[in-house]
Amino acid sequence: MPRPIQASISLSALSHNLDVVRRRLEQAAQATGGAVPSIWAVIKANAYGHGIETAVAGFSAAQGLAMLDLAEAVRCREAGWGGPILLLEGFFQPADLELVDRYHLSTTVHTREQLDMLAHARPSRRVDIMLKLNTGMNRLGFMPDAYGGAHVRALQLREQGVVGAIGKMTHFACADGPQGVAKPLRVFDAVTGGLGEGPVSVCNSAATLRYPEVAVDRVRQPHWVRPGICLYGASPFADVSAAEFGLRPAMSLRSQIIGVQDLAAGAEVGYGATFRADRPMRVGVVACGYADGYPRHAGTGTPVVVGGVRTRLVGRVSMDMLAVDLDPVPAAGVGTPVSLWGQDGPSVDEVAQAAGTIGYELLCAPTPRVPVKRDP
Ligand SMILES: *Cc1c(COP(=O)(O)O)cnc(C)c1O
């Protein structure tokens, strides 16, 4: 028998969350008279830990898929995905363009070097590109004063038959926070406004959920949003839960109690003895540790659900185990199911907050030794 830990991925939650996003965009479109944008479901990083093939199935109603890794893009094609695929970091070397061509991928272009590589390529069909503008995040993209020149080069490549559609794209640094998107959006509109036709894409999850009007009434071009985290049922916001948007957790990490200790007052728990019982209490030991992807920085008090009852983690998380307070669950014993996060547990965002991180990191964290089961 394997250890009792398991990650379950709910296909219906994935497609439900995609629906939530689509309905939000439809409402915004109705309110402003704009067009409903298309959705690139972002499935980078093994679909935020949910598995590429599972994501392809769960997001079958999306118009496109977006990711970073060429190998993952190829897996999408092999899984039967025939729609658009966007490479969010583009290609890295000339040989990548052969795969871009063979698997009919669209690509972000964010450097001069990528334009040079395209200029030397002889693809069998035109490559659709999204020319990326750096609107202040200073991660990827052409600076505003270089964007016009890059666009001219892209137009030349189109004349040469190398490039097809030329889209315009940026990424927001602060869509989830008080700064919002107004400032980068002004830069985006000023720089890209006069540059002719082509798809436009600016919104991640936070912008799609908080400013859907940005996606529906932009510059009268076909618009694509790029939601990631919300499609997996976690929140991009520190102050609004995923449930408040009607999103459902797609990943549930579950295990079991594999040992119980009856503690006397004053007894200590775990490495470093960081937890001390202030009264006699029962502690359950759960088969889940940081080598499974559970955050070691989650301390005493982190929520966990044992036998359907919400309780707390106590002491330090170790490599293969963690301890929980069984006082609220007197019936619990060896074999009692434990939900670390997900459907019947705390939200992944609550656990992340307790560990000083974000849900994104925890969803990507389960390690290869954790068996993954796909639920309908
Ligand atoms: C990761 C990523 C997204 C999706 O971000 P979420 O916050 O998960 O919605 C969108 N666009 C780009 C360029 C990204 O790298």
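**Cavities and annotated sites in a predicted model**

**View 1. The largest cavity.** The largest cavity has a volume of about 50 Å³. A cavity is a set of points on a 1 Å grid over the protein atoms alone where a 1.4 Å probe fits but cannot get out, and lining residues have an atom within 4 Å of a point. Volume is the space filled by probe spheres set on the points, which are joined across faces, edges and corners. This is a predicted model: local features need pLDDT of at least 70, side-chain atom pairs count only at pLDDT 80 or more, and totals for linings use all residues. Residues are numbered from 1 along each chain, and side-chain values use heavy atoms, without hydrogens and water. Lining residues include Lys132, Asn134, Met137, Thr170 and His171.

**View 2. The second largest cavity.** Its volume is about 40 Å³. Among the residues that line this cavity are Tyr232, Pro249, Met251, Ser347 and Leu363. The whole structure holds four cavities of 30 Å³ or more.

**View 3. Met319.** Met319 touches Gly289, Tyr290, Ala291, Asp292 and Arg369, not counting residues up to four places away in sequence. Contact means heavy atoms within 4.5 Å.

Terms used:
On a 1 Å grid over the protein atoms alone, a cavity is a set of points where a 1.4 Å probe fits but cannot get out, and a pocket is an open set with protein on both sides within 12 Å along at least five of seven lines; lining residues have an atom within 4 Å of a point.
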